[in-house]
Amino acid sequence: MATIFTFFHEAGHALRAQLNLPITGKEEDAVDELATLLLLEMPQGVYVAAAAAEAFQMMGKKKRASKGKKMAFWDDHSLGEQRFYSVLCLMYGANPKTNKGLVDKGYLPKERAQFCPEDYKNKSRAWQTILKPHFTDLVLKSIAKQKGGTNTQPKLPTVTTAPKPPAQPDLPKVEVPAGVGPACQQAVPHMLRMVRTLLVQQAPANLAEFDKKLPTELPNIYKICQRKWTEAQKKCVLAARTALSANTCFQKK
Ligand SMILES: [Zn+2]
């Protein structure tokens, strides 16, 4: 169950990066918050949040037992126990009546719990403000409807992804010349895709020419890879994420 939380946490990082969302404070805390807020809007999501909180607490205890005084206070994640209380606070804050047991049974100290309903409201509103420019009209309408319909808290709407960019045609299909090993069979198309992406971004006028030449050039590139690239260079290219960084694989040291 806690892995579902991890999925939302990682999706939060991706969303932050993709949409360039403004965030202050620790990003790790922010995406924990978003994951929790989203889960609390979903049927059964509260159970996932609870499972994640429990996992954080266990992780925290285990680390403390093994690291003792060498605890990683420098870590970009908050300590396991802190994450435990943060998730619990939002769970309680979202619904103090239903989740009263968290306080009554001593999981969430009263000292913290008293601020949680306000905290939940603020964080929920903050995330709505941050994400609002990216919502589709449909979602905005559904928020308006919720606001007009009841006097309860507006719900954090389901996050919709931005429209996909039009699919890029992939590299033309070219037969790999005989004798080209698996490392080159992977590294060469990977590098050419990165080059193509660079062209799309920085020199779209040259794209047609590139696509036209590729079927004739590609077999040669494969052969060059096979004959001249070192194993380290093949690996380096395959690990690169942009054509520019792949380029550094060939710089003499
Ligand atoms: Zn993270």
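**Exercise 1. Find out what share of the contacts between residues at least 6 apart join residues at least 24 apart.**

Solution. Start with the contacts in the protein chain between residues at least 6 apart in sequence; 63% of them join residues at least 24 apart. Keep in mind that this is a predicted model. Next, look at what the chain is built from: 12 helices and 0 strands. Finally, check burial: 20% of the 253 residues count as buried.

**Exercise 2. Decide where the model's coordinates call for caution.**

Solution. Then pick out residues 149-154, where the pLDDT is below 50. Beyond near neighbours in sequence, that stretch has 4 contacts in the model.

**Exercise 3. Work out which elements build the largest nonpolar core.**

Solution. This core has 29 residues, and those touching the most other members are Leu-39, Ala-49, Ala-53, Val-87, Leu-88, Leu-90 and Met-91. Now list the elements that give two or more residues to it: α1 (2-18), α2 (27-40), α3 (45-67), α4 (80-94) and α7 (116-131). The largest share, 9 residues, comes from α4. To zoom in, take Ala-49: leaving out residues up to four places away in sequence, it touches Phe-5, Thr-36, Leu-39, Leu-40, Val-87 and Met-91. There's also a second, separate core of 10 residues, with Ala-187, Val-188, Met-191 and Val-237 among them.

**Exercise 4. Is Asp-75 buried or exposed?**

Solution. First find Asp-75: it sits in the loop between α3 and α4. Then count its C-beta neighbours inside 10 Å. There are 11, and a residue with 12 or fewer counts as exposed, so Asp-75 is exposed. As for distance, the C-alpha atoms of Asp-75 and Glu-28 are 9.9 Å apart, although 47 residues separate the two along the chain.

**Exercise 5. Which residues of α9 are buried, and what do they pack against?**

Solution. The buried ones are Cys-184, Ala-187, Val-188, Met-191 and Leu-192. They cover an arc of only 125° around the axis, so they're on the same side of α9. On the other side of α9, Pro-182 and Gln-201 are exposed. The buried residues of α9 pack against α10, α11 and α12 (243-247). Turn to α10, and its buried residues are Leu-218, Tyr-222 and Cys-225; what covers them includes α9 and α11 (231-239).

**Exercise 6. Describe the surroundings of Met-194.**

Solution. Met-194 lies in α9. With 19 other C-beta atoms within 10 Å, Met-194 is partly exposed. Setting aside neighbours within four places in sequence, Met-194 is in contact with Ala-240, Thr-242, Ala-243 and Ala-246. Its C-alpha is 10.0 Å from that of Val-237, a residue 43 places away in sequence.

How values were computed: Residues are numbered from 1 along each chain as its sequence is written. This is a predicted model: local features need pLDDT of at least 70, side-chain atom pairs count only at pLDDT 80 or more; totals for chains, interfaces and linings use all residues. A nonpolar core is a set of buried Ala, Val, Leu, Ile, Met, Phe, Trp, Tyr and Cys residues joined through C-beta atoms within 7 Å. Helices (H or I, at least four residues) and strands (E, at least two) are DSSP runs, numbered from the N terminus. Two residues are in contact if their C-beta atoms, placed from the backbone, lie within 7 Å. The arc is that of the directions from the helix axis to the C-beta atoms. pLDDT is the predictor's confidence in each residue, from 0 to 100.
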